[in-house]
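Please look through the sequence and the model shown here before reading on. The paragraphs below then go through some of its parts in turn.

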Amino acid sequence: MAHGDFDHTQDNVKPAASNGIAPPSFPLPLPDSPDTITANLVLLIGQTPDPRLKFIYQLLVKHLHAFIKESNLSTDEWMAAIQFLTRVGQACTPVRQEMIFLSDVLGVSALVDILNSPVMGGATENSVLGPFFTEDAEDIENGGSIASDGKGEYMYVEGRVLTTEGEPIAGAVINTWEADDNGLYDTQYADRTHPDYRGRLHSAKDGSFGFRAIVPLPYSVPVEGPIGELLTSQGRHNIRPSHLHLMVEAPGYHEVITSFYPDDCDYLTSDPVFGVKKSLVVKLEQVDDDVEARKRGFPKGGSFKLLKRDIVLLTEEQLRFARQQVIRESEKLYLQTKND
Ligand code: BEZ
Ligand code: FE
């Protein structure tokens, strides 16, 4: 048998099989226009057993088809999109999630986050996690340092972990990480031997925490892959505004993954990944007091910047309640548009 010929006699050939779902019992017109394709698919998806999934599928198809019709998408443009999405998938590895990064630069991650984390009781809002969090940050004492000395401008970070009622949360685990004075995370160095510019500490009895860090700098998101291509083709810059990442968790409370953004950065309003929220913009205080600098453990003394901010956590119960309200609102909106 010539190479490439099919051998239909092989035992492992399985005949075409149905997935067990019968053709619909309701009539469907033969597609003869763009609108019939949309209408037929919406009717077919109407068979989705799960009501929430049915709602999502039908809305997605309506919007996706409307986009294609409104933009009069050409075959070449559609193929370019398919090839781009294929490259995004191919760029994913166990340690790199280019799909999430695509969602980030399209503002989708930020939108999903805003909808799922309603602003409530002054709770600290979320920001993007990003690809540079690691599990191996070293434990530091309250008041300790997350950064090896000798680089960057001194910054002291302090605040309290609180409930929405202003009660202290003791023993909250605070993970924090930032880029170094080159605008690079430790994981971006091929010769990384130990975690740096990151640390893990616990809030004290009165909820207070404090640590030494460096004043963060703006830095580039990873652009050597397809997302870099996308940003360039849209005429968008690739620089994230300066920020310090924090992840705070305590039993019974909803974990917050956030960042604080100093207010003097040029990139604040055009963050490529939409991580900035108004409530997360902070003013760094300039402290020109050698004694105070040494008291806080800065080895060279002199002056430092102070980032003072409390972190307010929602209980799991508070978050569940707020999320249910958001879902009810979106379903009300859908029923309204259906009846229009
Ligand atoms: C970051 O802040 O580290 C980041 C967030 C989203 C995408 C890329 C980087
Ligand atoms: Fe970051």
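Which residue in strand 3 is the bridge partner of Trp177? The partner is Arg198. This pairing belongs to a predicted model, and the rest of this text should be read with that in mind.

The pairing of strand 2 can be followed on both sides. Strand 2 covers residues 173-177 and pairs with strand 3 through five bridges, in the antiparallel sense. Val173 of this pair stands opposite His202 in strand 3. Strand 2 is also joined to strand 7 (residues 244-249) by five bridges, and these two strands run antiparallel as well. Four of the five residues of strand 2 are buried, so that the strand is mostly covered.

Tyr197 lies in the loop between strand 2 and strand 3, and its phi is near 55 degrees. Phe274 is found in the loop between strand 8 (256-262) and strand 9, and the phi of Phe274 is also near 55 degrees. Most residues other than glycine have a negative phi.

Strand 11 (residues 303-308) is joined to strand 1 (residues 154-163) by four bridges, and the two run parallel. In this pair, Val157 stands opposite Leu307 of strand 11. Strand 11 is also joined to strand 10 (residues 285-288) by four bridges, but here the strands run antiparallel. Val287 stands opposite Phe304 in strand 11.

Now turn to the helices. Helix 1 spans residues 34-45 and helix 2 spans residues 51-71. Their axes come within 9 Å and cross at roughly 170 degrees. An angle over 145 degrees counts as roughly antiparallel, and helix 1 and helix 2 are therefore roughly antiparallel to each other. Which residues of helix 1 meet helix 2? They are Pro34, Thr38, Leu41, Val42 and Ile45. On the side of helix 2, the residues in the contact are Lys54, Tyr57, Gln58, Val61, Lys62, His65 and Lys69. By class, the residues of this contact divide into six nonpolar, three polar and three charged.

The last part is the ligand. Ligand 1 is surrounded by residues that include Phe101, Asp104, Val128, Gly130 and Pro131. Phe132, Val221, Arg240 and Val273 are also among the residues around ligand 1. The shell has six nonpolar, one polar and two charged residues.

How values were computed: Residues numbered from 1 in each chain as written. Chains lettered and ligands numbered in written order. Predicted model: local features only at pLDDT ≥ 70, side-chain atom pairs only at ≥ 80, totals over all residues. Axes fitted to C-alpha atoms, helices over the stretch in contact; angles between N-to-C directions. Parallel < 35°, antiparallel > 145°, perpendicular 65-115°, else oblique. Contact = placed C-beta atoms within 7 Å. Nonpolar A, V, L, I, M, F, W, Y, C, P; charged D, E, K, R; others polar. Near = placed C-beta within 6 Å. Pairing = 2+ DSSP bridges. Buried ≥ 20, exposed ≤ 12 C-beta atoms within 10 Å, placed from the backbone.
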